[in-house]
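Dear colleague,

I am handing over a structure to you with this email, and I would ask you to open it before you read further. My notes follow below it.

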Amino acid sequence: MSQKVAEPPKPSDFVIRTVRRDELENLIEVYRSGYEGLEEYAETDEEDIRDYLEWLYEGDPNGFLVAEIEGKLVGFISVHADWWDRRYQRRTAEFHELVIKKEWQSKGIGKALMMAGLDYARAQGCEYASLWVGEGNMKARKWYRRLGFEELGKGWGVWVRMVKKLEANL
Ligand SMILES: CC(C)(COP(=O)(O)OP(=O)(O)OC[C@H]1O[C@@H](n2cnc3c(N)ncnc32)[C@H](O)[C@@H]1OP(=O)(O)O)[C@@H](O)C(=O)NCCC(=O)NCCS
């Protein structure tokens, strides 16, 4: 006998918006799930993740965006638009974090968050978008390259610097 099951939500149903401070707690699970298998590039202790999320939020609350599907947060991006890149001696929008919950990856949500983050950076007058990615995180490295980020080489430890030049907002 066939049973009728409810259709799972489609990624097209997601909304992107700025996070509220009282939602940071819900992002601990999103972060943990997204980094499953990539723990060497992530915080793993719950208290450390909580502190990290607070730090991301405090640095630029307007650059902290979430993807929401049917009232549930499934991913987020954190951009600090007024960041001084000491290594390259210039102002940049620093993309500190981008993570999608495991079961929602590869459905276009990360790209939508990245586009919203880049729009935010441009609106703040930034000329560059920069990030650090784990050298062994080949999926993300390839993914960023497809979105126009270039690798500037290895930085400190296991991290690779990637930068994208932003065109002015027309
Ligand atoms: C990296 C990450 C943010 C990407 O988000 P995502 O929602 O899974 O990716 P998307 O579905 O938006 O990808 C969109 C595009 O990338 C393509 N893509 C998806 N997976 C890919 C892969 N492994 N390699 C190359 N391209 C890929 C898609 O085909 C799509 O391309 P299209 O628009 O031309 O069809 C997500 O996988 C993630 O959270 N990873 C774990 C945490 C992490 O590594 N964060 C980065 C830290 S610096």
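Which residue in β4 does I77 stand opposite? I77 stands opposite L98, and the two strands concerned, β3 (residues 72-85) and β4 (residues 90-100), run antiparallel and are joined by nine bridges. Strands here (E, at least two residues) and helices (H or I, at least four residues) are DSSP runs, numbered from the N terminus, and two strands pair if DSSP finds at least two bridges between them.

Please keep in mind that this is a predicted model, in which local features need pLDDT of at least 70 and side-chain atom pairs count only at pLDDT 80 or more, while totals for chains, interfaces and linings use all residues. Residues are numbered from 1 along each chain as its sequence is written.

The sheet is open, with seven strands in the order β1-β2-β3-β4-β5-β7-β6 and mixed pairing. Its edge strands, each pairing on one side only, are β1 (15-18) and β6 (150-154). In general, strands of a sheet pair through backbone hydrogen bonds, either parallel or antiparallel.

Turning to the ligand, 21 residues surround it, the closest being I100, Q105, G110, K111 and A140; a residue counts as near if its C-beta atom, placed from the backbone, lies within 6 Å. Two or more residues of this shell come from each of β4, α3, β5 and α4 (138-146), and α4 gives the largest share, five residues. The shell divides into ten nonpolar, six polar and five charged residues, where Ala, Val, Leu, Ile, Met, Phe, Trp, Tyr, Cys and Pro count as nonpolar, Asp, Glu, Lys and Arg as charged, and the others, Gly among them, as polar.

With best wishes
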